[in-house]
Amino acid sequence: MCLRLWILSASCAALALGETLPVPLGLDAYVPAPSSNPITREKVELGRALFLFKGLSRDGSLSCGGCHLPERAFSDGKPGAVGVRGQVSARRTPPLINRAWGRSFFWDGRAATLEDQVLQPILNPKEMDLTLPEIRERVRGEESLRRRMVEVFGREAENEDIARALATYVRTILSGGSPYDRFVAGDREALTPLQQQGLKLFRGKANCVACHVGPQFTDERFHNTGTGWREGAFVDAGRAAVTSDPADRGAFKTPGLREVARAAPYMHDGSLKTLEEVVDFYNDGGRENPERDVEMRELKLTAEEKRALVAFLESLSGKVSDGWPAAR
Amino acid sequence: MLRCLLILSATLALGAEPATRVVWDAPGANVLGAPTPDGRFVSCVDPASGDLALLDTSSGKVRRLTHKGSAASKEFAYFSAPSRDGSRVAVAWFNDAGYYDLRVVSAQGGEARVLFRNEESGFVQPTAWTPDNRQILTLFFRKDNISQIALVHADTGAVKVLRSLNWVYPKRMEISPDGRWIAYDSFGGDRAGPRDIYVLAVDGSSEAKVVDAPGEDLFPSWSPDGKEILFASDRSGTMGAWAVRVENGRAVGEARLIRGGMQQFLPMGVTARGDLYYGLRIGSNEIALMPDGGKPAVLPTRTPGRNSAPAWSQDGKRLAYLSRRGAENFGVQSVVIVIRDLESGVERDLPQRLATVAAVRWSPDDEWLLASGADGKGRSGLFRVRVRDGAVRTDTVVEGAGHGGIPGDWQPEGEVVTGEDVHALAVSPDGKATARAFLNKVIAGGREWAVDGVTWLAWKGDSLLASRGGVALSLSDEGVRRLAWANYDGGPFSVHPRTGAVAFGVGGTRSQVWVMEHVFAPLDSQR
């Protein structure tokens, strides 16, 4: 399985103290997790097994890992997520990079925690299409999973524990050690001159930091850039579907940018195929609509500046890891 | 000349509260350091030279540890922390390249060794050493406005980042005596608000909020036995010293009051025998209005004592000014913009949406304020703040501009003139001339004045008023003239568009270092 082939970061600037999760350069040693669901090696391994378990889809054709592919920043490269029976969603599969630091989940933020989030695609009829009782029984019916659930949680598989294990695994999918991280850590040669120009634009003229801010390059908030607006109407309510606030129409959560060069296509609907198209979209001020974010405006970037921005975005690709390297 | 003080016998024993006494009350006294564990010294900045120094808490004498040499050098020491064995001092040093690096100096003085120097993390603040004296707990503040709690190896300079926060950096953080925990204050999220106390595991395995109460809770310090965290809190209505018991990184029971009525109080550290050294800020800042040709009168405000940088509206009916909020008065993030209706005297605060604000100017239509400062997303420069509701629009972002933003002013038609490369800027009321202050001159409308260090400009008729080194100047065809603005604070000021009256800040504050003795009573006596 591709996950097994994704050889990860035993050599990255990992900091492992006892059972503390190793993290690559650029990330905090403290990886947030609820006190009710601490990260343990055994739970991560169980979560990984569940992540790859195709029995969690109606027809046994699809696991979580079937759409969240490591080589694509745990996304799938498709403009719309493809579920069982070939059903295609209106939104793309989001990358799962460094979500331990996330404050809400899904493009519209309808889940507050990873524990709330992880079962929803399994329950979604357009994705994996199971019911809650079926999830529990499918796991109990797979002997190795059943046994490991008992070992980790001290009882037969319950959906609550399945969610905990999956959330714990997702929490350990990390990316760091990128050229950008090395540059910020003091290696002034880690970014090319063009990438350094892009970084300056990113923080300045291009105004990317209006939303893509912090270690994960996201403010974890919701913004309307115009991607949900087509031919005079909102084709996706976005955040408004959660809040019922008209001002949130067409607003989607700012995605983090780590590994962004591997995570095409872009935007919530995968409507932009390349980073060049994304930069052009923002250079034009996004798409005008009644709720467009006040930060969106024409940027007037030159062709060279656009190239610099793309070069900088490419510098955000580093080493992706999941869990403890020694475990594999 | 430095006038170091002898210990004053102003000991105040109020009931069962611990006694306090002042240990440093001299011009330039500062609260940028911490006590040595034996309480004999407090690290500080030598007011005369800007060097790192140690204050002898018995004699009140200050002994320099560094000698930066040339008087023309712009380098200086800033925050510092002595090691647990008292042999070394870690210091943030403003270097020759114009940012802060982390250095270590012997407590006997001598050459400072650079441990960490990285322009991307251009502000560093050492706060404590691990019990084995091998690592220094340090706050990094990066160019992208991320603050980080990190451990820096005291020999190799190797860095381990434990926790990233946004622009809301901790006011204070400290390692527990057993080296397992870090206590720090923060207000979570990226908008200002009351702070709480958190405890983070040094190995990164956990974090918990140990103090979560209405009001400000900040400046945590560990008790010598590691069983309590002392902190400053205004939960009782005034700032006081409180403590909460902590076990295994989590709070146990309710916080207890150690001493109340502490005013503007900044804990600096606890010694091995449980004496708390702390700073007090004394003095006040007010707004004064001075009619043209008249005498200044202090404006009675809703929150006296902490106001500055006034700006008249274009119609002259309102005054905007900056006011510090929160019970403590150290640091830059607690500033809000106040709008005062001059006829009714009614004041209201605009919602605090910017990280820092240095000055404001009204738009020609009085609907917006142009604010120089920084927001919570790492952007520094100029922002438009809507007077009606405090909504913020980014105007000009300049990488590396710093918390104070950049100079800027409005053109009569509503466009903004920015001054990325100047120290001050002001557009004349008719928009025909823009005055700019460079390093050693001011230029406006074909005229030039040889005056250096100007930090603020405003037009008054055909002439200019300027701020330079805490003094107000008039720049006119007659040359440069010093103005006698009584008690002027040296900050931004404003000229009334019709009457020529001037609004400016008056007063000032200074710091003292105090000690509160034997702060921690035995826990089993606390009932």
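The model is a predicted one.

Start where the chains meet. On chain B, 26 residues are in contact with 30 residues of chain A. The size of an interface is often given as the accessible area lost when the parts come together. Here chain B and chain A bury about 2500 Å² between them. Carbon and sulfur atoms account for 47% of that area.

Now look at the pairs that cross the interface. The rule finds two salt bridges between chain B and chain A. In a salt bridge, the side chain of A:Arg203 meets that of B:Glu120, at 2.9 Å from N to O.

Which strands of chain B each supply at least two residues of the side that touches chain A? They are strand 12 (159–165) and strand 31 (392–397). Strand 12 gives the largest share, five residues. By type, the side of chain B that touches chain A divides into 15 charged, six polar and five nonpolar residues.

Next, turn to strand 34 of chain B, residues 424–427. Both of its faces are covered. B:Ala424 and B:Ala426 lie on one side, B:Leu425 and B:Val427 on the other, and all are buried.

Strand 34 has a partner. Strand 35 of chain B, residues 434–437, runs antiparallel to strand 34, and four bridges join the two. B:Ala426 stands opposite B:Ala435 of strand 35. Together strands 34 and 35 of chain B form a hairpin, with six residues between them. In the turn, B:Gly431 has a positive phi of about 75°.

Technical notes: Residues are numbered from 1 along each chain as its sequence is written. Chains are lettered from A and ligands numbered from 1 in the order in which they are written. This is a predicted model: local features need pLDDT of at least 70, side-chain atom pairs count only at pLDDT 80 or more; totals for chains, interfaces and linings use all residues. Side-chain values use heavy atoms; hydrogens and water are left out. Contact means heavy atoms within 4.5 Å. Buried area is the accessible area (1.4 Å probe) that two parts lose on being put together, summed over both. A salt bridge is a side-chain nitrogen of Lys or Arg within 4 Å of a carboxyl oxygen of Asp or Glu. Ala, Val, Leu, Ile, Met, Phe, Trp, Tyr, Cys and Pro count as nonpolar, Asp, Glu, Lys and Arg as charged, and the others, Gly among them, as polar. Buried means under 20% relative accessible area, exposed over 50%, partly exposed in between (1.4 Å probe, protein chains only). Two strands pair if DSSP finds at least two bridges between them.
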